[in-house]
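Okay, thanks everyone, let's get going.

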Number of protein chains: 2
Amino acid sequence: MTQPYEWSVAEAAERIRDKRISSRGYVQALLARIRDYEPSLHAWAHLAGDWAEAQASQCDEDTVRGVSRGPLHGVAVAIKDNYDVIDLPTRGGSDLSDDKPAAADAVAVARLRRAGAVVLGKTAMTPFAAMDPAPTRNPWNGDHTPGGSSSGSAAAVGAQMCAAALGSQTAGSVLRPAAYCGVVGLKPTYDAVSRQGLMACAWSMDHVGVIARDVDDAALLFGVLTGAGPADSKDSDGQITVGIPDRGFDISDASDAEAFVGAVDVLAKAGAKIVSVEVPDGLQSLASAGILVMYAELAAFHRDLYSRRASEYPPRLRVLVEAGLSIAAPDYVNALRVRHHAAGELSSALAGLTVLLTPTTTSPAPSRQGSTGDWRFNLPFSASGHPAITLSCGFAKNGLPLGIQAVASHGREDFLFKVGRLFQQHSDWHKRRAPMKAGPI
Amino acid sequence: MTQPYEWSVAEAAERIRDKRISSRGYVQALLARIRDYEPSLHAWAHLAGDWAEAQASQCDEDTVRGVSRGPLHGVAVAIKDNYDVIDLPTRGGSDLSDDKPAAADAVAVARLRRAGAVVLGKTAMTPFAAMDPAPTRNPWNGDHTPGGSSSGSAAAVGAQMCAAALGSQTAGSVLRPAAYCGVVGLKPTYDAVSRQGLMACAWSMDHVGVIARDVDDAALLFGVLTGAGPADSKDSDGQITVGIPDRGFDISDASDAEAFVGAVDVLAKAGAKIVSVEVPDGLQSLASAGILVMYAELAAFHRDLYSRRASEYPPRLRVLVEAGLSIAAPDYVNALRVRHHAAGELSSALAGLTVLLTPTTTSPAPSRQGSTGDWRFNLPFSASGHPAITLSCGFAKNGLPLGIQAVASHGREDFLFKVGRLFQQHSDWHKRRAPMKAGPI
């Protein structure tokens with residue numbers, strides 16, 4: 001007999017649909033688990049327990065009347081604190097932000113709710129999605145960071161407080177925390193999901209993202225978020241070709257690299273063709289141009305607030321704003337051009353592949369003292385806008401999860417799901433759960 | 001018996017197709033006219049007479065073999081000097097530019113040539129498409145500017161040296177010179193025609209454009225340039241609704257405004273519904289944000305060359321580069337955001353209209369001393385990327401042509417052609433020709 005918190009989104013939706021549990025009963029079970037572990041995890045910026053139960057009750061009334069709201073009918077999700085949720089303030093992880101309640105849901109939130117989802121509350125994040133750590137801890141080891149900026153979303157899913165959460169990624173803010181917390185993180189193609197109602201970090205690189213525990217759930221939520229429905233593979237029969245970059249993605253600790261080698265092996269044994277890919281020079285340009293673009297856009301967003309309240313800014317964000325303010329417009333323009341050309345080079349490299357496969361991060365989650373970890377392996381694909389997914393692929397020698405990152409051509413999320421499903425059919429890393437202990441971890 | 005130089009593109013193509021004239025005969029007739037008037041007009045940066053005759057002869061050989069290259073088979077066109085034409089340098093109106101011959105045709109040029117067009121040569125333009133005057137004179141009155149930056153393209157078509165030419169527009173560089181020279185100028189939707197091989201001025205506002213003498217020719221060339229074929233109206237039967245902005249488009253001289261009033265009257269009598277349109281506030285934002293974006297991108301393009309050869313820069317361009325270099329990246333980023341939102345406002349205002357109709361310019365062509373005229377009425381639509389066309393609509397009291405500018409929703413060039421054809425069916429301003437005199441004008 002499994003517990004409700006163990007269910008995937010699809011499993012919870014099925015049980016609620018079959019009236020084996022009410023939405024309210026499901027939500028109450030999650031709230032109980034959250035109460036047990038939140039004191040030590042700090043995953044939530046605002047838990048909306050009463051409201052969540054009320055939403056669930058309304059779903060249950062619909063169920064009684066034979067009405068299903070959609071594929072997420074009655075299933076609870078968590079929302080990162082930089083998305084507008086009606087009547088709640090959008091704090092973006094900082095007291096410096098406006099505390100006025102949002103007048104409407106962000107488009108991504110509205111789509112989830114229209115499909116029947118119940119909002120549990122808003123998850124903790126690094127202030128303004130930058131690099132100052134959130135209070136959140138890693139569910140696998142509380143001394144380590146859950147990553148950022150979607151710290152609470154990844155930790156909540158990793159700790160089985162909910163089956164799925166919205167995150168957002170500008171450099172590596174979905175894939176990195178998802179990998180650190182041993183769950184699935186999806187960053188769709190740039191602009192595939194509306195950013196309306198998402199607080200800007202760096203607008204030309206901001207992506208709506210999904211954190212879940214398996215690929216099917218990520219695909220299900222992606223279909224809801226795009227409004228396109230279930231995101232099944234468009235050509236599920238074709239040969240899978242997995243490209244491994246010939247350089248630039250070295251894991252810090254050689255023994256930890258074995259998990260990546262093992263993951264490639266799983267795919268090879270499952271029938272995928274593995275090829276070595278010469279990394280285009282543009283990948284380095286994507287990173288350097290992406291950083292410049294990101295800092296300039298971040299500074300544009302913060303300039304007015306920063307001019308009034310610089311002394312209250314957290315130190316890492318402050319450095320970024322100062323850096324962005326000092327960039328000259330022609331440098332930014334050139335960075336946009338460099339990024340555009342480099343993204344084209346990367347698209348060419350991806351054209352012959354189902355996915356490019358890399359480690360998701362340079363290492364497992366580092367200590368939570370002062371850092372949210374390194375987004376170096378994720379940034380190029382945030383800058384280029386290519387869709388990317390991370391899948392749990394094993395554990396480092398310190399017992400923390402490691403992930404593989406798959407990247408596909410623009411608009412080919414179906415390739416990510418196809419490779420991801422193959423991997424999860426032939427491995428069970430996605431079924432491992434953080435060994436949570438109640439109380440301080 | 002009309003002269004070859006009087007023919008439209010469509011008329012020349014038909015005569016060549018019917019073997020009533022050879023392409024070579026047609027080209028020779030144009031070259032003779034160019035030789036007569038070029039000494040006073042200065043429309044050409046590089047006249048490629050021998051090459052043009054050779055291209056024409058090849059077309060004629062195809063004709064003999066029963067092969068038509070396409071809708072422009074054997075028809076001569078002029079190319080603005082900022083487009084790559086194979087084996088010719090792309091000077092962009094300046095000796096400061098690289099004089100290396102282009103290795104390939106720009107995409108726009110290649111499309112014209114694949115459709116059978118013969119390239120006569122490259123037309124004069126303001127240096128780097130900025131605001132320092134070209135040597136070109138206005139065919140209607142040599143003391144006046146032909147406008148810029150597509151000075152030579154507009155003057156050549158206005159002086160009947162050729163039936164059509166490529167121009168380019170970043171602020172008002174196609175519509176303004178076309179209006180000043182009494183011809184048709186088309187700026188399609190941003191990105192509707194590839195800019196590959198077009199020297200950048202300000203990349204996010206650069207548009208490939210067409211200068212011709214009637215709407216049918218502009219539509220014909222547009223169809224060739226997009227590769228979509230003849231650009232006929234998609235709904236030629238519907239009611240035409242013409243919006244007149246309620247403010248912001250006042251012609252300097254009240255008596256010259258009568259031509260605009262008369263043009264509206266022509267359309268009303270021809271059955272168009274005329275409505276007053278409240279100009280969105282965003283129109284002013286489009287202009288101010290557009291200028292900032294343009295200067296920053298222009299400076300990005302020039303920075304390296306300018307750092308080495310600033311003292312050789314023409315004075316107006318120098319001011320623009322200096323201005324652009326001083327812009328901070330966050331200001332540019334904010335200008336992009338303002339532009340994006342304002343373009344959305346304008347799109348909403350255009351949604352209920354077939355076209356928005358304004359005077360093309362604030363006045364007829366000013367004196368050629370030091371200025372290429374005012375692009376104030378064109379800039380917002382270059383910044384927003386909406387397609388626009390100018391049609392000759394009469395003459396100012398000083399005898400110089402005036403134009404009306406029609407603007408449509410993104411991708412609705414067919415609306416421009418529909419309104420333009422209706423106007424030209426019910427007026428004959430487009431048949432008036434500059435009273436050219438050989439020798440100095």
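So, look at Leu356 of chain B: opposite it, in β11(B), stands Val407(B). This is a predicted model, by the way. β10(B) and β11(B) make a hairpin with 5 residues between them, and Gly399(B) in the turn has a positive phi of about 85°.

Is β11(B) buried or exposed? Well, 7 of its 7 residues are buried, so the rest of the structure largely encloses it. And that goes for both faces: Gly403(B) and Gln405(B) are among the buried residues on one side, Leu402(B) and Ile404(B) among those on the other.

Now, over to the core. The largest nonpolar one has 300 residues, and Tyr332(A) and Tyr332(B) are among those with the most contacts inside it. The element giving the most to this core is α9(A), residues 282-309, with 14 residues. Tyr332(A) has contacts on both chains, including Leu292(A) and Val293(A), plus Ala329(B), Tyr332(B) and Val333(B).

Which brings me to where the chains meet. The contact takes 15 residues from chain A and 15 from chain B. On the chain A side, α11(A) gives the largest share, 6 residues. By class, that side has 10 nonpolar, 2 polar and 3 charged residues.

Last one: α9(B) has a kink of about 60°, centred on Arg303(B). Still, α9(B) reaches 38 Å from first C-alpha to last, close to the expected 40 Å.

Conventions. Residues are numbered from 1 along each chain as its sequence is written. Chains are lettered from A and ligands numbered from 1 in the order in which they are written. This is a predicted model: local features need pLDDT of at least 70, side-chain atom pairs count only at pLDDT 80 or more; totals for chains, interfaces and linings use all residues. Helices (H or I, at least four residues) and strands (E, at least two) are DSSP runs, numbered from the N terminus. The expected span of a helix is 1.5 Å times one less than its number of residues. The bend at a residue is the angle between axes fitted to the seven residues ending there and the seven starting there. A nonpolar core is a set of buried Ala, Val, Leu, Ile, Met, Phe, Trp, Tyr and Cys residues joined through C-beta atoms within 7 Å. A residue is buried if 20 or more other C-beta atoms lie within 10 Å of its own, exposed if 12 or fewer, and partly exposed in between; C-beta atoms are placed from the backbone. Two residues are in contact if their C-beta atoms, placed from the backbone, lie within 7 Å. Ala, Val, Leu, Ile, Met, Phe, Trp, Tyr, Cys and Pro count as nonpolar, Asp, Glu, Lys and Arg as charged, and the others, Gly among them, as polar. Two strands pair if DSSP finds at least two bridges between them. Lists of a residue's contacts leave out its neighbours within four places in sequence.
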